Amino acid sequence: MHLDTLQDLALRLSGERSVDAVLQSIVDGLAQQTSVALARVWVTRPGDVCGSCQMQTVCPDHTTCLHLSASAGVSLTGDIWSGIDGTFRRVPLGNARMDFCPSPIRAIATDRGGQLLHVSACSQWADPEWIQQESIESFAGHPLVFRGETFGVLAVFRRALISEQEFAWLRMFANQAAAAVANARAFSELDRLRQQLESHNAYLKEEVNTALNFGRIVGRSASLRHILRQVDDVAATDATVLITGESGTGKELLAKEIHERGRRSQRPFVRVNCSAIPREMFESEFFGHVRGAFTGAVRDRPGRFQIADAGTIFLDEVGELPGDLQPKLLRVLQEGEYERVGEDVTRKVDVRVIAATNLNLADEVREHRFRQDLFYRLNVFPLELPPLRARADDIPLLAMHAITEVSKRLRIQPPTLTQADAELLQRYDWPGNIRELQNVMERAVILSRGGRLRLDIALAGLPAPAPSMTIPGSGGDDGILTDREFRERERENLMKALQRTEGRVYGATGAAALLGINPTTLASRLRALKITPPRPR
């Protein structure tokens, strides 16, 4: 080995930006040196806990170990030694018994001192037959240390004696190689942060494009004020929150309010729709993947938990998560740990979890459709959003807010919401809640064309028309029902429809078709009235 050659190799390493490229360049360059049979680099990484590690039974501490990460060399028969498997693919750094791990690699990393051994000493731990067949004469190893941190071990097997001077040159090269590894790690971390920032920015743009027009919580009803008082109490903590309520009640808006009132308000707020993620993409979507992990994985991709690190992750429709995927979510919620697809490195994450569902998770647990331990992990601080029909006082305020936002977006003069319009809106059931109200008001503003608010046309297009103040067949104005009487009449009607269809809600012979309404609307009303359909025969 020549000093000039090693210096040229060190100069080439300084231009690499990838840790893997640096490690491969080290072993490739050393393998080209005079009489070098094999060059290898082990890197310190989190320890293996898998059954394939040969040192598992004698290594009680799996925290850190040396991973064989790069290898280069050619046998006398022409075989290429580039594999990183085999007996010494992992070398423990914990309290493993020395007689089970006689390799000097561990001692080099632990003591941070180099070792120069001749063939007789090599035979005590390396394969004697291999040493003889390949005419190995000496071994040299040095730690890769930079600014007090041990990155790994560099080792060389040579078919000639390594002099003390060459051993010293190799030590200088190892120091320069360690600096190159540190620089590459820094560049990789900067690239990871850049990709995370790009992913977060892209995610925010997507969220802005799909967000609701309501930019804040609107209302002054007693039920809403009660919820907001609870939000004030929990926002200052990092407690996990489970928001329940019918579809369209504003669960995501409430989750954002909790995030913005908390200490993580300046950090990311990341939404995940659990019901929209395909089973095969669950781990990649939640935890990310590395390049080449599967077909189509052309680059490293951070998962939603990584993007949300130090911020808040909102698990929407968490009750729709398939049962076989729930344990994977439970682990990251309990331990704050995960692995990206295609990578064996365990990563830590610090996120606040807010979940939402329109299902009764306690019932789902009883029916064995939702894990009990996951339910307890999510149900630390439950918040139940009331449906819009229970917030009648807020309907005019929400309608006026929607008119203002839509008119601003369409750049037209906002039409006036009259008292008669407000009363008409308050008489409707709103099975789709705030989302349905918003859609109706947007349709009414568009139809008004800058003139009178055409609420009559907008309401006429609903799947289920607004209930009249007089009930058909009741004899005119004398047959007016109170709200309680109307609810009871509606409950009786729905129960009769379910009995006639033997509990079927969907399909041509279901209760929804019999009632002439959308099946999802019927399902929403059944949940609101706490009616459980009988199981179809």
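Does Cys 65 count as buried or exposed, and at what relative accessibility? At 6% relative accessibility, Cys 65 counts as buried. Here, buried means under 20% relative accessible area, exposed means over 50%, and partly exposed lies in between, using a 1.4 Å probe and protein chains only.

## About the model

This is a predicted model, in which local features need pLDDT of at least 70 and side-chain atom pairs count only at pLDDT 80 or more, while totals for chains, interfaces and linings use all residues. Residues are numbered from 1 along each chain as its sequence is written, and side-chain values use heavy atoms, leaving out hydrogens and water.

## The whole chain

Let's start with the big picture. The chain has 20 helices and 15 strands; helices (H or I, at least four residues) and strands (E, at least two) are DSSP runs, numbered from the N terminus. Of its 537 residues, 44% count as buried.

A contact means heavy atoms within 4.5 Å. Among contacts between residues at least 6 apart in sequence, 67% join residues at least 24 apart.

## The cysteines

Like Cys 65, which is buried, Cys 274 is buried, with a relative accessible area of 2%. A disulfide is a pair of cysteine sulfur atoms within 2.5 Å, and by this rule the count is zero.

## Helix 7

Now find residues 222-235, which form helix 7. Its 14 residues reach 20 Å from first C-alpha to last, close to the expected 20 Å at 1.5 Å a residue; the expected span is 1.5 Å times one less than the number of residues.

Which residues of helix 7 are buried? They are Leu 224, Ile 227, Val 231, Val 234 and Ala 235. These cover an arc of only 95 degrees around the axis, so they sit on the same side of helix 7; the arc is that of the directions from the helix axis to the C-beta atoms. On the other side, Ala 222, Arg 229 and Asp 233 are exposed. The cover over the buried residues includes strand 7 (241-244) and helix 8 (251-261).

## Helix 16

Helix 16 (residues 433-448) reaches 23 Å with its 16 residues, close to the expected 22 Å. Its buried residues include Ile 434, Leu 437, Val 440 and Met 441. Among the elements covering the buried residues of helix 16 are helix 14 (395-410), helix 15 (419-427) and helix 17 (455-460). Arg 449 follows helix 16, and its phi is positive, near 50 degrees.
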